[in-house]
Amino acid sequence: MTIKALADHVVSQIAAGEVIERPASVIKELTENALDAGATSITIEVEGGGRNLMRISDNGSGIRMDEVELAFARHATSKLENADDLFSIATLGFRGEALASISSVSRLSCVSRHRDEDMGTQIKMEGGTLLQRRSIGAPAGTVISVENLFFNVPARLKFLKSDSAERSHISRIVSRYAMAYPHVRFRLEHDNRTVFQTTGSGNLQDVLVSVYNADTAKQMLPVKQPDERVEEHTTRVSGYISAPSLNRGNNREITFFVNGRWVQDRKLQAAVTQAYHTMLMVQRYPYVVLMIDVPPDEVDVNVHPTKAEVRFRFADRVFSAINRSLRNTLVEAAPVPEFIEPRGWSTGENRQISSPATWERKTAPAPDVLDWGLNLPTQPAQPVAPPPSQTGIGLGTPTQTEMPVGAPEPQQEMATPEMPLLRVIGQIGASYIVAEGPDGLYLIDQHAAHERILYEAFMAEHARSKIASQGLLQPAAVDVPVEAVSLINDNLDVMNGIGFEVEPFGGNTFLVRSMPAVLGQMNPEKALRVVIEDFECDETPFQNEFEKKIIARVCKRASVKAGQVLSGVEQKEMVRQLEQCDSPRTCPHGRPTMIHLSVDLLEKQFQRK
Ligand code: ADP
Ligand code: MG
């Protein structure tokens with residue numbers, strides 16, 4: 001093949017691919033433009049997950065009549081003159097690429113009036129070509145409508161995810177910018193329904209209420225500046241972080257803004273994780289919204305096409321400023337619990353299964369037996385109490401409804417090959433059940449064991465497509481993060497399939513009418529939140545795997561925690577139910593439920609052998 005220079009429109013489309021990957025990228029660029037134009041109110045209307053229409057209206061400065069076409073030319077910007085200016089940049093944009101890119105891969109119309117001029121301008125473009133231009137009366141500000149994104153780049157179109165996934169990306173972008181700019185009033189509409197809005201009050205906590213809910217916002221702590229030495233430091237850190245008690249299963253709610261720019265950065269993530277070290281269980285993550293402000297000449301914003309990454313001149317200072325301010329904030333809010341390294345038995349089985357539990361035990365509130373849906377009397381054996389087998393640890397309903405009262409328990413005395421029959425001796429540390437088996441001593445992790453029990457009960461019902469669902473006495477209204485709204489709406493069936501009856505209740509509120517009976521009295525909000533975390537992952541695995549994953553996660557959250565005192569009856573019931581599990585030796589996530597100390601081992605330890 002001979003070498004040829006690419007045609008201009010091909011160059012534009014290739015370049016557009018760098019900046020505009022999906023509908024949410026359009027929203028990001030246009031929102032940034034509106035913010036750069038000093039808007040105090042930004043409205044974003046989206047149809048069909050952004051495939052059909054995205055319209056962004058702002059009340060910013062507007063574009064001058066004689067500059068409108070220029071704004072859509074590649075590398076045309078009002079924000080930068082020399083490359084050196086990059087190091088004193090105070091705007092979000094600077095490359096002059098967004099409008100050119102967006103217009104080259106869509107049908108676009110722009111109405112803008114500069115605040116110093118009397119008349120506005122309307123232009124229409126298609127695939128980068130100007131179709132129409134006229135003067136038009138309009139309020140000061142800019143309205144850009146983008147229709148049929150990627151209509152001329154079918155390959156891109158194919159890579160888009162479901163409408164709900166794209167909607168969720170958009171909601172995420174808008175809610176992030178709303179956090180970074182609490183003085184700006186944001187409104188987001190999906191298919192003519194307002195899903196999110198902020199007041200522009202300037203108070204970040206108000207925004208957090210809109211993005212999450214009042215309860216979550218209340219549990220977030222304002223970040224303290226590192227310390228008195230702040231004068232020496234050029235890094236300023238502010239924002240909100242969650243107390244350790246408020247946490248989640250992925251790091252998607254850890255958000256950083258560097259000089260008002262939303263960035264993703266592993267090192268910043270690491271600084272946060274380190275600050276929470278020992279305060280959170282493994283694989284749990286806090287909610288964090290951090291504004292990091294550094295002098296413009298200490299950060300290079302020009303290292304990534306979508307400006308999602310930055311490079312710091314003094315990365316270590318930034319890192320330690322974050323680390324210290326978070327640590328200060330957390331320590332002041334709640335003294336850091338002492339962490340005790342567990343001592344493994346010298347059997348080679350040196351598993352650290354107790355480490356997460358150790359912390360929880362030291363900080364858990366007073367044991368609350370009801371919390372996990374246990375219906376057993378806490379006082380031993382009242383004469384009228386039903387036999388334990390019929391109330392069960394959190395899985396009473398199926399047995400109750402499917403077995404006639406008083407029926408003999410099937411195979412209660414049969415030891416499974418996976419686990420011998422055990423005689424319960426008692427509980428230690430409010431975390432472990434001690435039991436005797438035919439060959440020595442068994443220590444059972446009550447949390448892991450209960451997780452396994454719930455999981456198998458749940459999966460058994462699931463396999464029979466008969467998940468027992470239990471109506472709530474009063475439907476619970478639960479507010480979810482905005483970006484989860486469309487995901488939940490799309491997955492109502494999945495939730496129904498696992499026993500959740502949930503219906504939309506306007507805005508980001510859902511009504512939970514019933515929950516899987518297996519979950520007993522788990523708080524509906526907590527249950528729903530756990531389920532959502534799985535929807536958030538981008539790729540949707542096969543339905544069945546998906547449900548399995550959700551079920552495992554829900555069981556983990558619903559199971560009895562370390563630190564809960566169990567009565568003798570409850571301990572026995574738990575062990576009995578564990579014995580009946582198919583895989584009693586591990587929790588659904590693969591951790592051991594029990595440790596076996598054989599008679600042989602004990603004799604060695606006591607140097608009898
Ligand atoms: P950049 O933001 O990097 O300068 P863009 O292509 O996004 O590049 O925008 C080009 C120019 O158009 C901007 O520099 C700005 O002058 C003008 N512009 C774009 N959007 C708006 C808006 N909403 N309000 C006012 N001016 C705008
Ligand atoms: Mg821009």
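# Questions on a predicted model and its ligand

Student: How many residues surround ligand 1, and which are the closest?

Tutor: This is a predicted model, and in it the residues around ligand 1 have been counted from the atoms. The closest of them are Asn-33, Thr-77, Ser-78, Lys-79 and Gly-96. The number of residues that surround ligand 1 is 19.

Student: How many nonpolar, polar and charged residues does the shell around ligand 1 have?

Tutor: The shell around ligand 1 can be sorted by class, with Gly placed among the polar residues. Sorted in this way, the shell has 7 nonpolar, 8 polar and 4 charged residues.

Student: What is the distance from a polar side-chain atom of Ser-78 to an oxygen atom of ligand 1?

Tutor: Contacts to oxygen atoms of ligand 1 come from backbone atoms as well as from this side chain: a backbone N or O atom of Phe-94 lies 2.9 Å from one oxygen atom, and a polar backbone atom of Gly-96 is 2.8 Å from an oxygen atom. For the polar side-chain atom of Ser-78, the distance to an oxygen atom of ligand 1 is 2.5 Å.

Student: What percentage of the area that ligand 1 exposes when taken alone does the protein bury?

Tutor: Taken alone, ligand 1 exposes 530 Å². Of that area, the part buried by the protein is 92%.

Student: Which class of accessibility does Asn-148 fall into?

Tutor: Asn-148 sits in the loop between strand E6 (141-147) and helix H5 (154-159), and has a positive phi of about 50 degrees although it is not a glycine. Its relative accessibility is 29%. Since buried means under 20% and exposed means over 50%, Asn-148 counts as partly exposed.

Student: Where does His-75, a residue with a positive phi, lie?

Tutor: His-75 is not a glycine, and yet has a positive phi of about 60 degrees. At 55% relative accessibility, His-75 counts as exposed. The place where His-75 is found is the loop between helix H3 (68-71) and helix H4 (98-104).

Student: Why does the salt bridge of Glu-483 and Arg-176 tie together parts that are apart in sequence?

Tutor: The side chains of Glu-483 and Arg-176 meet in a salt bridge with an N to O distance of 2.7 Å. Glu-483 lies in the loop between strand E21 (469-479) and helix H15 (485-490), whereas Arg-176 lies in helix H6 (residues 163-180), so the pair ties together parts whose separation in sequence is 307 residues.

Student: Are Glu-483 and Arg-176 buried or exposed?

Tutor: The relative accessibility of Glu-483 is 1%, and that of Arg-176 is 0%. Because buried means under 20%, Glu-483 counts as buried, and Arg-176 likewise counts as buried.

Student: In which strands do Glu-503 and Arg-513 lie?

Tutor: The side chains of Glu-503 and Arg-513 meet in a salt bridge, 2.9 Å from N to O. Glu-503 is partly exposed at 30%, and Arg-513 is partly exposed at 31%. Glu-503 lies in strand E22 (residues 501-504) and Arg-513 in strand E23 (residues 509-516).

Technical notes
Residues are numbered from 1 along each chain as its sequence is written. Chains are lettered from A and ligands numbered from 1 in the order in which they are written. This is a predicted model: local features need pLDDT of at least 70, side-chain atom pairs count only at pLDDT 80 or more; totals for chains, interfaces and linings use all residues. Side-chain values use heavy atoms; hydrogens and water are left out. A residue is near a molecule or strand if one of its heavy atoms lies within 4 Å of it. A polar contact is a pair of N or O atoms within 3.5 Å; within protein, one must be able to donate a hydrogen and the other to accept it, and residues adjacent in sequence count only if both atoms are side-chain atoms. Accessible areas come from the Shrake-Rupley method with a 1.4 Å probe; for residues, only the protein chains shown count as cover. Helices (H or I, at least four residues) and strands (E, at least two) are DSSP runs, numbered from the N terminus. Buried means under 20% relative accessible area, exposed over 50%, partly exposed in between (1.4 Å probe, protein chains only). A salt bridge is a side-chain nitrogen of Lys or Arg within 4 Å of a carboxyl oxygen of Asp or Glu.
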